[in-house]
Amino acid sequence: MPPRLHVINLPRVPAGEGAPAGYSLAPCANCAAPCCATLRARLTTVEAQRIASALSVPLDDVVTRVPGAGHHHPWFTVPIPLADGPVTLALRQRDGSRCAFLHEVGARGRCAIHALRPGVCRIYPYPVREGTLRTDVGSAELCPIGWAVDDAAERAVRRDMAAWRADIAREEQHVARWARQVPRRRTWERWTAWVSGA
Ligand code: SF4
Ligand code: SF4
């Protein structure tokens with residue numbers, strides 16, 4: 001059995017108690033979401049297809065391709081081998097850095113695809129540990145208030161991490177099959193058509 005996931009390095013709030021001064025269990029509630037306006041969210045084709053399908057839009061309206069291995073994260077991006085080199089995927093942005101799905105609602109930033117957002121958005125910015133494996137998907141330095149954690153939040157992180165891992169594993173299976181079954185003319189257009197039927 002894999003080691004149990006724990007959220008680490010955040011103040012721990014006992015059940016029924018409030019977060020200490022300067023911290024919150026839900027810092028996003030009143031936030032303008034500078035994270036979504038600054039950072040580039042990485043995702044798999046599996047996650048992107050889910051968004052594209054729900055919105056009835058082409059995959060290319062959801063993601064942009066990041067060429068080369070320089071921006072590859074060792075476990076949460078999966079390089080897609082195309083004829084002109086590997087690509088990984090990121091959510092589309094507008095105005096240079098804002099996630100295309102970030103909406104301003106009054107002074108707050110809200111995710112327009114909250115229920116469909118990719119795994120990296122679900123886990124950010126929780127630092128987690130599973131046995132000796134530590135995972136940080138991004139620092140909380142953009143957050144205007146400190147994060148705290150309670151048992152309910154940790155359970156949600158476990159659930160979200162398991163779902164994210166399943167998506168990544170599915171993407172890895174797709175890429176392995178694609179590499180075996182499509183030896184030539186590995187274009188992006190062929191990949192999107194092939195993977196939609198996989
Ligand atoms: S910057 Fe931090 S608090 Fe604000 S929306 Fe992003 S994760 Fe939440
Ligand atoms: S998908 Fe949603 S949570 Fe993720 S970066 Fe975009 S607006 Fe933020």
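Visitor: Which residues are buried in helix 2?

Guide: A general point comes first: an α-helix has 3.6 residues a turn, so residues three or four places apart point the same way. In this predicted model, the buried residues of helix 2 are Thr45, Val46, Glu47, Ala48, Ile51 and Ala52.

Visitor: Against which elements do the buried residues of helix 2 pack?

Guide: They pack against strand 3 (42-43), strand 4 (63-67) and strand 6, and also against helix 3, helix 4 and helix 5 (188-196).

Visitor: How many residues does the largest nonpolar core have?

Guide: That core has 29 residues. Ala41, Leu43, Ala48, Val63, Leu91 and Val120 have the most contacts inside it. Two or more of its residues come from each of helix 1 (34-38), helix 2 (45-55), strand 6 (85-91) and helix 3 (119-123). There is also a second, separate core of five residues, among them Val78, Ile80, Trp191 and Val195.

Visitor: Which residues does Leu43 touch?

Guide: With residues up to four places away in sequence not counted, Leu43 touches Ala48, Val63, Leu89, Leu91, Pro118 and Val120.

Visitor: Let us turn to the sheet. What is the order of strands in the open sheet of three strands?

Guide: Strands of a sheet pair through backbone hydrogen bonds, either parallel or antiparallel. Here the order is 1-11-12, and the pairing is antiparallel. Strand 1 (5-7) and strand 12 (133-136) each have a single partner strand, so one side of each is left without a neighbour in the sheet. On average, neighbouring strands of this sheet are turned by 25° against each other, direction ignored.

Visitor: Which helix packs on the sheet?

Guide: Helix 4 (residues 151-181) does so, touching strand 1 and strand 11. The direction of helix 4 makes about 130° with that of strand 1.

Visitor: How many bridges join strand 11 to strand 12?

Guide: Four bridges join strand 11 (residues 127-130) to strand 12. Pro127 has Asp136 of strand 12 as its bridge partner, and Arg129 is paired in strand 12 with Arg134.

Visitor: Which residue takes a positive phi in the hairpin of strand 11 and strand 12?

Guide: Gly131 does, with phi near 65°, in a hairpin that has two residues between the strands.

Visitor: Are Ser56 and Arg185 buried or exposed?

Guide: Ser56 counts as exposed because it has 6 C-beta neighbours inside 10 Å, where 12 or fewer is the cut-off. Arg185 is also exposed, with 9 other C-beta atoms within 10 Å.

Visitor: Which peptide bond is cis?

Guide: The bond from Tyr124 to Pro125 is cis, with omega near -5°. Pro125 lies in the loop between helix 3 and strand 11.

Visitor: Which residues surround ligand 1?

Guide: Tyr124 and Pro125 are among them, together with Pro27, Cys28, Cys31, Ala33, Pro34, Cys35, Leu142 and Cys143. By class, this shell has 10 nonpolar, no polar and no charged residues.

Visitor: How do the residues of the shell around ligand 2 divide?

Guide: They divide into nine nonpolar, no polar and one charged. The residues around ligand 2 are Cys36, Ala41, Leu91, Cys99, Phe101, Leu102, Cys111, Ile113, Arg117 and Cys121.

Visitor: With which residues is Gly109 in contact?

Guide: Gly109 is found in strand 10 (residues 108-111). Apart from neighbours within four places in sequence, Gly109 is in contact with Cys31, Ala32, Ala33, Cys36, Ala37, Leu102 and Glu104. The C-alpha atoms of Gly109 and Ala32 are separated by 4.2 Å, although these residues are 77 residues apart along the chain. Gly109 counts as partly exposed because it has 19 C-beta neighbours inside 10 Å, whereas a buried residue needs 20 or more.

Technical notes. Residues numbered from 1 in each chain as written. Chains lettered and ligands numbered in written order. Predicted model: local features only at pLDDT ≥ 70, side-chain atom pairs only at ≥ 80, totals over all residues. Near = placed C-beta within 6 Å. Nonpolar A, V, L, I, M, F, W, Y, C, P; charged D, E, K, R; others polar. Core = buried A, V, L, I, M, F, W, Y, C linked by C-beta atoms within 7 Å. Contact = placed C-beta atoms within 7 Å. Pairing = 2+ DSSP bridges. Axes fitted to C-alpha atoms, helices over the stretch in contact; angles between N-to-C directions.
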